[in-house]
Amino acid sequence: MKNIILENDIVLLRPVELTDIESIAEAGRDERIWEHMQVSLTTKKAVEQYVKNAIAERNLKVSYMFVIIDKKTNKIVGCTSFLDISLEHKRLEIGNTWINPSVWHTPINTNCKFLLLTYCFEQLKLNRVQLKTGHQNIRSQKAIERIGAVKEGVFRNHMIRRDGSIRHTVMYSITNEEWLNVKEQFLQHLLS
């Protein structure tokens, strides 16, 4: 996977680069973004490390981070990634997604997921794409369910959050057999 660029009229997804540090720092300043995340990008130092790690992991083919650009403003409003990549087993995870609250409840996230899933199932020909979130992140669970992913279960005591509390992880997936139906749902809701 090299130089993947995905876009439609709403959003542009492209690989994160060192030149994005300032824009990511600007987009990530709002504390509300990080409530359920394992990272917090409220300082420039944290953003620099985040971007450097993402580029290193992309070079190792461990993950692939995209910046999310709102086509209306041409500004970076968040990031999303391919994780747990196993092309041998035809699967990966879409995750570590965050977006600035200024674009919450807009078509941005739905369009991101549509572009990513279309690429996964129609270009990479994957069998499975998984998505996961914390048990307390109800907003994320509803968003994942809204796109048609199937809840597979909960990994109990799966992670330790930044504040030291235990996170149970809610696991979802979409399989290649489900993709056409999921795609139809997307096409009906892309602008909502």
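Guide: Most residues other than glycine have a negative phi. Please keep in mind that this is a predicted model, in which local features need pLDDT of at least 70 and side-chain atom pairs count only at pLDDT 80 or more, while totals for chains, interfaces and linings use all residues. Residues are numbered from 1 along each chain as its sequence is written, and side-chain values use heavy atoms, leaving out hydrogens and water.

Visitor: What makes α3 a helix, and how do you know that its span agrees with its 16 residues?

Guide: Helices are DSSP runs of H or I with at least four residues, strands are runs of E with at least two, and both are numbered from the N terminus. The expected span is 1.5 Å times one less than the number of residues. For α3, residues 108-123, that gives 22 Å, and its end C-alpha atoms are 22 Å apart, so the two values agree.

Visitor: Why is α3 called largely enclosed?

Guide: Buried means under 20% relative accessible area, exposed means over 50%, and partly exposed is in between (1.4 Å probe, protein chains only). In α3, 13 of the 16 residues are buried, so the rest of the structure largely encloses this helix.

Visitor: What makes Val-67 buried, and what does Val-67 touch?

Guide: Val-67, found in strand β3, has 0% relative accessibility, so it counts as buried. Contact means heavy atoms within 4.5 Å. Leaving aside neighbours within four places in sequence, the contacts of Val-67 include Leu-12, Asp-20, Ile-24 and Cys-79. Val-67 and Ile-24 are 43 residues apart in sequence, but their C-alpha atoms are 8.2 Å apart in space.

Visitor: How do you know that strands β6 and β8 pair?

Guide: Two strands pair if DSSP finds at least two bridges between them. Strand β6 (residues 128-134) and strand β8 (residues 166-175) have seven bridges, in the antiparallel sense. In one of these, Leu-131 has Tyr-172 of β8 as its partner. On the other hand, β5 and β6 run parallel, joined by three bridges; there Glu-93 is partnered by Gln-130 of β6.

Visitor: What is the order of the strands in the sheet, and why do β1 and β7 count as edges?

Guide: Eight strands form an open sheet of mixed pairing, in the order β1-β2-β3-β4-β5-β6-β8-β7. β1 (6-7) and β7 (150-160) each have a single partner strand, so one side of each has no neighbour in the sheet. The partner of β7 is β8, with seven antiparallel bridges between them. These two strands form a hairpin with five residues between them, and Gly-164 in the turn has a positive phi of about 90 degrees.

Visitor: What makes a group of residues a nonpolar core?

Guide: A nonpolar core is a set of buried Ala, Val, Leu, Ile, Met, Phe, Trp, Tyr and Cys residues joined through side-chain atoms within 4.5 Å. The largest one here has 35 residues, and Leu-13, Phe-82 and Leu-117 have the most contacts inside it. Helix α3 gives the most to this core, with nine residues. Apart from this core lies another, of 21 residues, among them Leu-12 and Trp-34.

Visitor: How do you know that the buried residues of α5 line one face?

Guide: The buried residues of α5 are Trp-179, Val-182 and Phe-186. Seen down the helix axis, they fall within an arc of 65 degrees (the arc of the directions from the axis to the C-beta atoms), so they line one face of α5. What covers them includes α3 and β8. On the other side of α5, Leu-180, Asn-181 and Gln-188 are exposed.
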